[in-house]
Amino acid sequence: MLEIDSSRGEGGGQMVRTSVALSAITGTPTKLTRIRETRPTNGLSKQHTTAINAVAMMTGSSVEGNTVGSSELTIYPGNEEHSSLKMDIGSAGSISLVLQAVLLAARRNKERLTIDITGGTNVMWAPPLDSYELVLFPLMKKMGINAQLNILKRGFYPIGGGHVVVTMDPVGKISPLEINALGRLKYIKVRCFTQHLSERIANDMVEACVSTLGDSHDIETEVQNCTGNSRGAGLVLVANYENGKLSSNVLTTRGHSAEQSGIDAAKDLLQEMNNGSTIDVHTADQLLPYMAMADGKSSFVVSRISKHLLSQMDTLESFLNVRFGVERKSDGYHFSVSSEGYP
């Protein structure tokens with residue numbers, strides 16, 4: 001049995017999600033210890049237990065210790081395939097983080113996977129689902145992985161109640177992803193979403209964002225006035241290039257004006273565009289497992305190496321025959337991911 005000290009590196013839930021998914025698809029019985037030991041709230045949270053249950057149900061695996069607050073978890077992989085899942089995380093637990101585990105665990109599925117899930121669509125400390133739709137899934141498509149997402153209702157903290165349906169076709173051979181240069185900037189997409197808030201908030205966010213981006217770029221704006229149980233607003237920005245995409249996002253919070261939120265999102269994107277990255281660091285975390293199972297060599301550039309990225313590399317090396325290379329150059333950190341494909 002493989003034993004993983006989950007307090008290593010970043011020490012958060014990402015190591016749990018990736019380990020559970022890889023345990024299931026590689027058939028490796030795995031024990032996780034010291035889960036989230038360095039975090040203010042130790043052990044598994046509700047969104048972690050939901051993701052683990054989903055992977056277990058989808059693959060016929062059995063688990064021990066999958067309770068909120070648990071610091072240890074053992075996974076015994078199964079060999080079943082269930083292609084339709086319905087889940088409710090409860091409150092505003094992040095849907096995007098649950099999907100990280102479930103979609104990865106579907107690597108060996110022979111039928112199209114459908115996931116109907118309720119929870120938080122846009123919450124702090126988690127990727128917005130819009131970035132999956134606009135950035136992650138299009139990049140995965142370049143690797144031969146076809147996933148689609150439909151946000152039916154948005155869910156904000158603390159109420160949640162967002163409703164999303166995700167589908168993913170069976171994954172065959174995964175092609176490597178090489179983005180060493182982004183090429184020409186085509187346009188910047190600005191998506192603003194509000195729910196049970198004044199239209200003025202959306203207008204202020206968009207106007208401040210577009211003004212900060214400047215008039216030297218082609219900008220496409222989209223404003224979504226959503227209906228749901230919770231209240232909130234935010235922005236997702238995507239710079240669309242010939243060869244790839246860069247993104248930033250922001251949520252409105254009390255004490256932080258809508259105008260300032262728009263400015264912050266625009267500045268974050270401009271910084272990412274100007275620092276040499278070919279994939280933003282958060283998207284790199286999510287793409288890395290698929291690169292590690294691709295048939296060939298992937299490569300990309302990030303502006304910085306996050307603890308999440310290092311932990312992801314460490315976890316993937318525990319399960320897969322993959323080699324990572326990192327070289328610091330003037331325009332950023334050049335990554336290479338060499339794999340013979342799996343399975």
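Guide: The questions below concern a predicted model.

Visitor: Is the packing of helix H1 against helix H2 roughly parallel or roughly antiparallel?
Guide: Helix H1 covers residues 13-26 and helix H2 covers residues 46-59; their axes come within 10 Å and cross at roughly 5 degrees. Angles under 35 degrees count as roughly parallel. The angle therefore makes H1, relative to H2, roughly parallel.

Visitor: Which residues of H2 take part in the contact with H1?
Guide: On the side of H1, the contact is made by Gly13, Val16, Arg17, Val20, Ala21 and Ala24. By class, the residues of the contact of H1 with H2 divide into 6 nonpolar, 4 polar and 1 charged. The residues contributed by H2 are Gln47, His48, Ile52, Val55 and Thr59.

Visitor: Is the crossing of H1 and H3 right-handed or left-handed?
Guide: H1 and helix H3 (residues 95-105) pack with their axes 8 Å apart, at an angle of about 15 degrees. That angle makes H1 roughly parallel to H3. The crossing of H1 and H3 is right-handed.

Visitor: How many nonpolar residues does the contact of H1 with H3 have?
Guide: Arg17, Thr18, Ala21, Leu22 and Ile25 in H1 meet Leu97, Gln100, Ala101, Leu104 and Ala105 in H3. The contact of H1 with H3 has 2 polar residues and 1 charged residue, and its nonpolar residues number 7.

Visitor: At what angle do helices H4 and H7 pack, and which residues of H7 are met by H4?
Guide: Helix H4 (residues 129-142) and helix H7 (residues 281-292) have axes 10 Å apart and pack at an angle of about 30 degrees. That makes H4 roughly parallel to H7, and H4 passes H7 in a right-handed crossing. From H4, the residues in contact are Tyr132, Val135, Leu136, Leu139 and Met140, and those they meet in H7 are Thr283, Gln286, Leu287 and Tyr290.

Visitor: How many charged residues are in the contact of H4 with H7?
Guide: The residues of this contact divide into 7 nonpolar and 2 polar, and the number charged is none.

Visitor: Is the aromatic pair of Tyr132 and Phe137 tilted or stacked?
Guide: The structure holds 3 aromatic pairs, one of them formed by Tyr132 and Phe137 with 5.8 Å centre to centre and 50 degrees between the planes. Tyr132 counts as buried because its relative accessibility is 1%, and Phe137 is buried with a relative accessible area of 4%. Planes under 30 degrees apart count as stacked and those over 60 as edge-to-face. The pair of Tyr132 and Phe137 is tilted.

Visitor: How many residues apart are Phe300 and Phe335?
Guide: Phe300 and Phe335 form a stacked aromatic pair, 5.1 Å centre to centre with 10 degrees between the planes. The pair links distant parts of the chain, since Phe300 is in strand S13 (residues 295-302) and Phe335 is in strand S15 (residues 332-340). Phe300 counts as buried at 1% relative accessibility, as does Phe335 at 2%.

Visitor: Is Pro343 buried or exposed?
Guide: Pro343 lies in the segment after S15. Leaving aside residues up to four places away in sequence, Pro343 touches Arg107 and Arg108. Its relative accessibility is 60%, so Pro343 counts as exposed.

Conventions
Residues numbered from 1 in each chain as written. Predicted model: local features only at pLDDT ≥ 70, side-chain atom pairs only at ≥ 80, totals over all residues. Heavy atoms only, no water. Axes fitted to C-alpha atoms, helices over the stretch in contact; angles between N-to-C directions. Helix = DSSP H or I, 4+ residues; strand = E, 2+ residues; numbered from the N terminus. Parallel < 35°, antiparallel > 145°, perpendicular 65-115°, else oblique. Left-handed = near helix turned anticlockwise from the far one by under 90°. Contact = heavy atoms within 4.5 Å. Nonpolar A, V, L, I, M, F, W, Y, C, P; charged D, E, K, R; others polar. Phe/Tyr/Trp six-rings, centres within 6.5 Å; stacked < 30°, edge-to-face > 60°. Buried < 20%, exposed > 50% of the residue type's maximum accessible area, 1.4 Å probe, protein only.
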